[in-house]
Structures are given as structure tokens and as C-alpha cells.
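Let's take a walk through this structure together. Keep the picture open while you read.

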Amino acid sequence: MAWLVLVISGLMETAWAIALDRSAGFSRLVPSVVFVVTLALSMAGLAYALREIPVGTGYAVWVGIGAVGTALVGMVALGESASLPRILCLLLVVAGVIGLKIFH
């Protein structure tokens, strides 16, 4: 259960990062509220998962999921560069996250 919560928390990290960008420095209400809610959910889930998963592994997986998710949303929905080197680097992060789970 801790791993599932950790993955969901990583996805919430993606949500709060995108909401933070869309909040325009907290000048837009809806994205600002989404940011606060998803940030709280992400942190609560991380805290829950760290009760069973070592902090180094849990935090690295959480950050990796959030970073890859945010980069993918940027490339797919926000017009950011989707170059081959960038995609290969994201695949390396995914491989690292999978490795951390396998060797946990």
C-alpha cells in the first residue's frame, strides 16, 4: 500500500507543479487553490509512504515521478521541447525509479 500511495503522491507533485506555473505567481485563484490542495495531498502521501519505505528511496521515487510527470505534461500539453535527448534523459530517470523499487 505504501508504494501505491507514493506513486499517487508523485503524480500529485506533477499536479501541484503545473498548478504553480498556471497560478501566475498566485495571482489566479483556481490554479492557486489547486496548488495548495495537491501540495498538501502530495506531502501527506509522501509522509504516509515513508512510514514503510526508507526516506532515501521514497523521496527519490517521489521526486522522480513528479519530475518526469511534469516534464511530460510540459512536452505534451504546454509546447515544451520534446527532443530525443530530453526524452532519453527522462527514460533514465524512469529507469532509476524502477531500479529503486526493484532493489528496495
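Helices here are DSSP runs (H or I, at least four residues), numbered from the N terminus. Val-33 sits in one of them, helix α2 (residues 29–49).

## Where the model comes from

This is a predicted model, so local features need pLDDT of at least 70 and side-chain atom pairs count only at pLDDT 80 or more, while totals for chains, interfaces and linings use all residues. Residues are numbered from 1 along each chain as its sequence is written, and side-chain values use heavy atoms, with hydrogens and water left out.

## A nonpolar patch

Val-33 has 43% relative accessibility, so it counts as partly exposed (buried is under 20%, exposed over 50%, partly exposed in between, with a 1.4 Å probe and protein chains only). Val-33 also belongs to a nonpolar surface patch with Leu-29, Val-30, Val-34, Val-37 and Leu-41. Patch members have over 30% relative accessible area and no salt bridge; nonpolar side chains (Val, Leu, Ile, Met, Phe, Trp, Tyr) are joined within 5 Å, like charges within 9 Å.

## Two salt bridges

A salt bridge puts a side-chain nitrogen of Lys or Arg within 4 Å of a carboxyl oxygen of Asp or Glu. By that rule there are two.

Arg-22 pairs with Asp-21, their closest N and O atoms 3.6 Å apart. Arg-86 meets Glu-80 at 3.3 Å, N to O. Arg-86 is partly exposed because its relative accessibility is 27%, and Glu-80 is partly exposed too, at 36%.

Definitions and conventions. Accessible areas come from the Shrake-Rupley method with a 1.4 Å probe; for residues, only the protein chains shown count as cover. Helices (H or I, at least four residues) and strands (E, at least two) are DSSP runs, numbered from the N terminus.
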